[in-house]
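User: I want to learn how to read features from a model like this one. Please go through them one at a time.

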Amino acid sequence: MIPQFASFAEFLAMGGYAGFVWGAWGLSVAVIAGLILRASVSGRNQKARLEALRQEKDAGTSS
């Protein structure tokens, strides 16, 4: 395998397009992290809502 860049600094510079390349990577990581966080929070909220509904149902059937 032949390396495409002569040095690590050249790799980071991405042939002069580093701002676009690393910006796109950063934005992608931020969006994916946000989606994971949103799914986690939503899941917790849904579990809490389901538990509240179960308790409401149990309170209604025991009286």
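User: Where does Met14 lie?
Analyst: Helices (H or I, at least four residues) and strands (E, at least two) are DSSP runs, numbered from the N terminus. Met14 sits in the loop between H1 and H2. Its phi is near 50 degrees, a positive value in a residue other than glycine. Before going on: this is a predicted model, where local features need pLDDT of at least 70, side-chain atom pairs count only at pLDDT 80 or more, and totals for chains, interfaces and linings use all residues. Residues are numbered from 1 along each chain as its sequence is written, and side-chain values use heavy atoms, with hydrogens and water left out.

User: Is Met14 buried or exposed?
Analyst: Buried means under 20% relative accessible area, exposed over 50%, and partly exposed in between (1.4 Å probe, protein chains only). Met14 has 19%, so Met14 is buried. Of the 63 residues of the protein chain, 3% count as buried.

User: How is a pair of aromatic rings described?
Analyst: By the distance of the centres and the angle of the planes. Rings of Phe, Tyr and Trp (its six-membered ring) pair if their centres lie within 6.5 Å; planes under 30 degrees apart are stacked, over 60 edge-to-face, the rest tilted. The structure holds three such pairs. In one of them, Phe11 and Trp22, the centres are 5.9 Å apart and the planes at 75 degrees, so the pair is edge-to-face. This pair links distant parts of the chain: Phe11 is in helix H1 (residues 8-13) and Trp22 in helix H2 (residues 18-62), 11 residues apart.

User: Which residues do ring pairs link into a cluster?
Analyst: Phe5, Phe8, Phe11 and Trp22. Phe11 is partly exposed at 30%, and Trp22 is partly exposed at 33%.

User: Which residues make the nonpolar surface patch?
Analyst: Patch residues have over 30% relative accessible area and no salt bridge; like charges are joined within 9 Å, nonpolar side chains (Val, Leu, Ile, Met, Phe, Trp, Tyr) within 5 Å. A salt bridge is a side-chain nitrogen of Lys or Arg within 4 Å of a carboxyl oxygen of Asp or Glu. Areas come from the Shrake-Rupley method with a 1.4 Å probe; for residues, only the protein chains shown count as cover. Here Phe5, Phe8, Phe11, Leu12, Trp22, Trp25 and Val29 make a patch of about 700 Å². H1 and H2 each give two or more residues. Leu12 belongs to H1 and is partly exposed at 38%.
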